[in-house]
Amino acid sequence: MSREPLRPRSAYRHFTPISTRWHDNDVYGHVNNVVYYSWFDTAVNSWLIEVGLLDIENGNPIGLVVETGCRYAASVEFPQKVEVGLKVARLGSSSVTYHLGIFVEGAQEPAAEGHFTHVYVDRDTRRPTPLPEAWRAVLQGIG
């Protein structure tokens, strides 16, 4: 079974720089896979804060992660710096799926790529709620 090629740097619309940390490496000498998921979370949520869509304390609606996934292509290790590419891959009525790429600083090909889906829900009821139109416009901007 052949795999689709990973998306290059040019496929992404926004980048978040992240420094690897000493404790990110595992006993095999490379960044452990669980760290990639924290980078995805950091990239998505820092962008949402930056563009005014995430108010951690009072925002409504709120995004709950319902699915993530990652494909690995090359090792990353401390003390490398990475850049997490982000783009909106799918915009539903109450959900957003992001594509993310992990690039060693300056690289054109990803070390890994993933996806991350938020379903937006009412803060109090935790029931899905449609995305506000103003949010849709911002999210479409990195689609």
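Colleague: What should the 18 residues of helix α1 span at 1.5 Å a residue, and how far apart are its end C-alpha atoms?

Modeller: Happy to. A word on the source: this is a predicted model, in which local features need pLDDT of at least 70 and side-chain atom pairs count only at pLDDT 80 or more, while totals for chains, interfaces and linings use all residues. Residues are numbered from 1 along each chain as its sequence is written, and side-chain values use heavy atoms, with hydrogens and water left out.

Now the helix. Helices (H or I, at least four residues) and strands (E, at least two) are DSSP runs, numbered from the N terminus. Helix α1 covers residues 33-50, and its 18 residues should span 26 Å at 1.5 Å a residue; the end C-alpha atoms are 26 Å apart, so the two agree. The expected span here is 1.5 Å times one less than the number of residues. Just after α1, Gly52 takes a positive phi of about 85 degrees.

Next, burial: buried means under 20% relative accessible area, exposed over 50%, and partly exposed in between (1.4 Å probe, protein chains only). The buried residues of α1 are Val35, Tyr36, Trp39, Phe40, Ala43, Val44, Asn45, Trp47 and Leu48. Their cover includes β1 (14-19), β2, β3, β4 (95-104), β5 (112-121) and α2 (133-140), where contact means heavy atoms within 4.5 Å.

One of these covering elements, β5, is itself largely enclosed by the rest of the structure, because nine of its 10 residues are buried. Strands pair if DSSP finds at least two bridges between them. β2 and β5 run antiparallel and are joined by 10 bridges, with Gly63 opposite Tyr120 in β5. β4 and β5 are also antiparallel, joined by eight bridges, and Val96 has His118 in β5 as its bridge partner.

Finally, the rings. Rings of Phe, Tyr and Trp (its six-membered ring) pair if their centres lie within 6.5 Å; planes under 30 degrees apart count as stacked, over 60 as edge-to-face and the rest as tilted. The whole structure holds nine aromatic pairs. In one of them, Tyr12 and Phe103 have ring centres 5.7 Å apart and planes at 75 degrees, so this pair is edge-to-face. Tyr12 lies in the segment before β1 and Phe103 in strand β4, so the pair ties together parts that are 91 residues apart in sequence. Tyr37 and Phe40 are separated by about one helical turn, because they are three residues apart in α1. Tyr37 is partly exposed at 29% relative accessibility, whereas Phe40 is buried at 0%.
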